[in-house]
2 protein chains.
Amino acid sequence: MLTIALDAMGGDHAPKAEVEGAVRAAGSLGVKVLLVGQQDVVRRELEQHEGYRELPIEIVHASQRVTMEDSAAKAVRSKRDSSMRVASRLVRDGCAQGFVSAGNTGAIMATAKMVQGVVPGVERPALLGVFPTMLGTPVVLVDVGANVDCDATMLAQFAVMGEIYSRNILHRPNPRVGLLSIGEEEHKGNDLTRAAWPLLKSLHINFVGNVEGRDVYAGNVDVIVCDGFTGNVALKVSEGLVDMFKKLLRESLEATISGKIGYALSKSALSSFRKRLDHSEYGGAPLLGVRGGCIIGHGSSNANAIKNAIRVAAEFSGGNVNRQIEEELLRLSKAGD
Amino acid sequence: MLTIALDAMGGDHAPKAEVEGAVRAAGSLGVKVLLVGQQDVVRRELEQHEGYRELPIEIVHASQRVTMEDSAAKAVRSKRDSSMRVASRLVRDGCAQGFVSAGNTGAIMATAKMVQGVVPGVERPALLGVFPTMLGTPVVLVDVGANVDCDATMLAQFAVMGEIYSRNILHRPNPRVGLLSIGEEEHKGNDLTRAAWPLLKSLHINFVGNVEGRDVYAGNVDVIVCDGFTGNVALKVSEGLVDMFKKLLRESLEATISGKIGYALSKSALSSFRKRLDHSEYGGAPLLGVRGGCIIGHGSSNANAIKNAIRVAAEFSGGNVNRQIEEELLRLSKAGD
């Protein structure tokens, strides 16, 4: 049985959402969960759940907590007994096969890189986002915020890591990899994309060339590569638009009597629609290139999102993604010699 | 009466959408429209519209047409009698006060810059996008694709131009100007945003600091400044997501009987919702910093979008935006000496 170390004090709704998510995951996914946090607080929360004693859940004590306001540097330097760091250490020491946190993203990335270390050959770990598409197949975007200033070599590594993730975890056969740009032709884009294009072309992947922002949701590509600044903007713009969409839809429907009745009749259809757009269904974002695996949940994660992040962590460890990344990057560096 | 020169051969639905949009604009906005294109083709289209002889519309002949496939360089170099170029020339020569085209964006930008020239003090013209927000107020994003690689000074100029546009054309009092980044604190972001932050802070504008992708649709800021690569990705990602919304919503509603009835009942509410998301309601994107004004419509513009782009062009010329940009940039360059 795989064991996942969960930072129980991470997200905005911690430890309630974390503990409930862990209970659901341990009860249905066949994984063991180590709940890391202040023992008494976590235990009290866990006792709210009937039958938790029968589940593969253990509490691991950590006296400190990283807040959303802490800088990454401070979290790493001065909170050596934080729930985040202890959870990451459990992976490093082989007590767990994956680390999940919905806490301060910058602090998680710094902690995982430092404590767990990077996969040999990886220049910089990258945050991978999973997006729904029009055709129902998921698309991954790498990087969505770990590296704001990138060079072409980093984008090539993102392509390799994203392709392996798409193939092994999302089971896309021969994933189509695109470079996010602003025009389809090779020469379109900025200095970075023009430098990255020939590198991506030379990789042993199914590189389909430049793609545009519209293609993120079109389902015509499986992996989209970009720098972390652009990827993060794309992610956050999408979240904002979904929020606006929900609000305007409700307002439009509530403005007329027929609309109100229509809304009532179509309520279950609308909520299934919302579910398809809801990031919590997709679990957290893997930090690719870190030893042992690290899944970063959204700060606002509810119990369902936490459960799904634990599922993603287990699939990640089970999928041997890191070993394949290491082999492929080694092969590439040899080919480059 | 203001006169607008319209490239009648520009968009995907040209000249039909262009001619119909011109007829609607001339009939309702109190502007005169010069329809520029192949005389016989445009005349034949115009004759489809009853009563066009009473409207302030004139046809100006141009023998060539720039296609979506032409490179900007080719369009400028070898198609000297294109409808695009002739329309731009009419503005330069004072025969019209604004130029509108829904054609090849790169070619329009190159043509307008070369033929009309830039406003004194402007380093690089920038494309401004208008987005709807949750609160109903519009937000402008500068740049959405004219300049893919920017430096901090360019972003400062975009801030000045966007602020003047927001105040004068969208009538936002004391517009709040934000810098698009990936974190609210000053030090968050990439090399470019960190260099631009102090420059924007030093301007005589209501600078609210960094904003994130989520803020584009939140309505808490009136002007958002970014490089053209990031802005274009934000725009295109939004378009793609709206398309996916429409499709998923229809599918979810059609999947059940009650959903189908609900859809039928709420149809008019849903179409008012679509209208609020529809870019054609907002008209085209102004290329700020070009003498005389240039409004670039979406390639897929329908007649309504063309009419709105003509409206934006007329408002732009009437609002003395260029004079204010020139004065403000002159003041800034003096202050910098």
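**Close-up views of a predicted two-chain model**

View 1. Asn320(A) counts as partly exposed, at 37% relative accessibility (buried is under 20% relative accessible area, exposed over 50%, partly exposed in between; 1.4 Å probe, protein chains only). This is a predicted model: local features need pLDDT of at least 70, side-chain atom pairs count only at pLDDT 80 or more, and totals for chains, interfaces and linings use all residues. Residues are numbered from 1 along each chain as its sequence is written, chains are lettered from A in the order in which they are written, and side-chain values use heavy atoms, with hydrogens and water left out. Asn320(A) is not a glycine, yet its phi is positive, about 55 degrees. It sits in the loop between α11 (303-318) and α12 (321-336) of chain A. Helices are DSSP runs of H or I with at least four residues, strands are E runs of at least two, and both are numbered from the N terminus. Asn320(B) also has a positive phi of about 55 degrees. Its loop runs between α11 (303-318) and α12 (321-336) of chain B. Asn320(B) is partly exposed, with a relative accessible area of 39%.

**View 2. The crossing of α8(A) and α8(B).** Helix α8 (residues 228-254) of chain A and helix α8 (residues 228-254) of chain B have axes that come within 9 Å and cross at roughly 40 degrees. Axes are lines fitted to C-alpha atoms, for helices over the stretch in contact, with angles from 0 to 180 degrees between N-to-C directions. That angle makes α8(A) oblique to α8(B) (under 35 degrees is roughly parallel, over 145 roughly antiparallel, 65 to 115 roughly perpendicular, the rest oblique). Residues of α8(A) including Phe229(A), Val233(A), Leu241(A) and Phe245(A) meet residues of α8(B), among them Phe229(B), Val233(B), Leu241(B) and Phe245(B). Here contact means heavy atoms within 4.5 Å.

**View 3. Lys79(B) in its loop.** Lys79(B) lies between α3 (72-78) and α4 (83-92) of chain B. It is buried, with a relative accessible area of 13%. Leaving aside neighbours within four places in sequence, its contacts include Asp70(B), Gln64(B) and Arg85(B).

**View 4. Two cis peptide bonds.** Val142(A) to Asp143(A) is cis, with omega near 10 degrees. Asp143(A) belongs to the loop between β6 (139-142) and α6 (152-168) of chain A. In chain B, a cis bond joins Ala14(B) and Pro15(B), with omega about 0 degrees. Pro15(B) is in the loop between β1 (3-7) and α1 (16-28) of chain B.
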